[in-house]
Amino acid sequence: MNRVGFIASTLLVVLALLSSMLFVVDQRQFGVVYALGQIKEVITEPGLNFKLPPPFQNVRYIDKRLLTLDSSDTESMLTAEKQRVVIDWYVRWRISDPSEYIRNVGLDENAGAIQLNRVVRNAFQEEVNRRTVKELLSARREELMAEVKREVLEAVRGAKPWGVDVVDVRITRVDYVEAITESVYRRMEAERKRVANELRSTGAAEGEKIRADADRQREITIANAYRDAQKLKGEGDAEAARIYAEAFGRDPQFAQFYRSLEAYKSSFNKKSDVMVVDPSSSEFFKAYRGAAPANATRP
């Protein structure tokens, strides 16, 4: 039993030792082997690798993929005309030399992102100070991003290279600070209200003008129609009077009888009309009491 236990223990120790000596490097990472705190080897190809067991050698991994750094602060920058603007940007970068990166920057990607953020912001501040807001929003925006990228590359490739490569620098937003933005919005709103009020006033004036012209045309039309109607009515009345005069002139007694009938018709045009008179003595019913003369000529 003791021999079996010894063999089992020995196998476990050997397996543990072998597992501490073997490590796998992923295709998305660099494998950095340290020997007593110093960089012994950098493994760039993926696969199974060997090293001495701890504490003689240790291995750490660094991402070698393309990384994205987004702006994290909202501090404003001054333009050439002393306007405060806020710029959002991002940087695409990667670690190209793990040895230089570890010696001059840090042990992980976060250390590089912190230092790169500072360098990029300083570069943007310097370039924004040279340009106006109009230039930041125009075609010269591409020129600004190219200048910032150049300055950042100069910084990371200086006397102590960072071992990183900056692929691209881009601006995603340029805006005024909140106080200026609110002021601009208020001015825009006031201007739009002024224009709207002006348009409403102009429209109201034009509406009154159109209504006044329409009323004038209406009055003119009505007056002309009334004039023509009165003229036609007068002509008709004159013609009727002429016809009546001609007819009544032929037989005056018939004319008197006809006028009496018209008077009766006008006096009793409703069933409810009542007249209290003495028909035997009233001149009003004279036409009813007597007949027309025998020698009267019929019309």
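Predicted model: local features only at pLDDT ≥ 70, side-chain atom pairs only at ≥ 80, totals over all residues.
Where does T79 lie? T79 lies in the loop that runs between β7 (77-78) and β8. A search of the whole structure returns 24 salt bridges, and the count of aromatic pairs comes to one.

- The side chains of T79 and E81 are joined by a polar contact of 2.8 Å.
- With neighbours within four places in sequence left aside, T79 is in contact with V85, V128, N129, R131, T132, V133 and L136.
- K82 also lies in the loop between β7 and β8, and K82 has a positive phi of about 65° although it is not a glycine.

**Aromatic pair and charge over a ring**

- The count of aromatic pairs is one.
- W89 and F124 form this pair, with 5.9 Å from centre to centre and 25° between the planes, and the pair is stacked.
- The angle of 25° falls under the 30 degrees that stacking requires, so the pair is classed as stacked and not as tilted.
- The pair links distant parts of the chain, 35 residues apart: W89 belongs to strand β8 (residues 84-95) and F124 to helix α3 (residues 109-128).
- Elsewhere, K64 lies over the face of F30, at 5.5 Å from the ring centre.

**Salt bridges**

- Side chains of opposite charge can pair when their charged atoms come close.
- Among the 24 salt bridges found, one joins the side chains of D26 and R28 at 2.9 Å, N to O.
- D26 is partly exposed, with a relative accessible area of 26%, and R28 is partly exposed at 44%.
- The side chains of E154 and R150 meet in a salt bridge of 2.8 Å, N to O.
- E154 and R150 both lie in helix α5 (residues 141-156), where they are four residues apart, about one turn of the helix.
- R150 has a relative accessible area of 36% and is partly exposed.
- E189 forms a salt bridge with K193, and the closest N and O atoms are 3.5 Å apart.
- Helix α6 (residues 178-250) holds both E189 and K193, four residues apart, about one turn of the helix.
- E189 counts as partly exposed at 44% relative accessibility, and K193 counts as partly exposed at 48%.
- Salt bridges that share partners also join E126, E127, R130, R131, E135, R140 and E143 into one network.
- R131 of this network is one of the residues in contact with T79.

**Backbone features in other loops**

- P54 and P55 are joined by a cis peptide bond, with omega at about 5°.
- P55 lies in the loop between β4 (47-50) and β5 (57-63).
- L36 has a phi near 55°, a positive value in a residue other than glycine.
- The loop between β2 (29-35) and β3 (38-43) contains L36.
- L36 counts as exposed because its relative accessibility is 72%, over the 50% limit.

Methods: Residues numbered from 1 in each chain as written. Heavy atoms only, no water. Phe/Tyr/Trp six-rings, centres within 6.5 Å; stacked < 30°, edge-to-face > 60°. Helix = DSSP H or I, 4+ residues; strand = E, 2+ residues; numbered from the N terminus. Lys NZ or Arg CZ within 6 Å of the ring centre and 35° of its normal. Salt bridge = Lys/Arg side-chain N within 4 Å of Asp/Glu carboxyl O. Buried < 20%, exposed > 50% of the residue type's maximum accessible area, 1.4 Å probe, protein only. Polar contact = N/O pair within 3.5 Å; in protein donor to acceptor, adjacent residues only side chain to side chain. Contact = heavy atoms within 4.5 Å.
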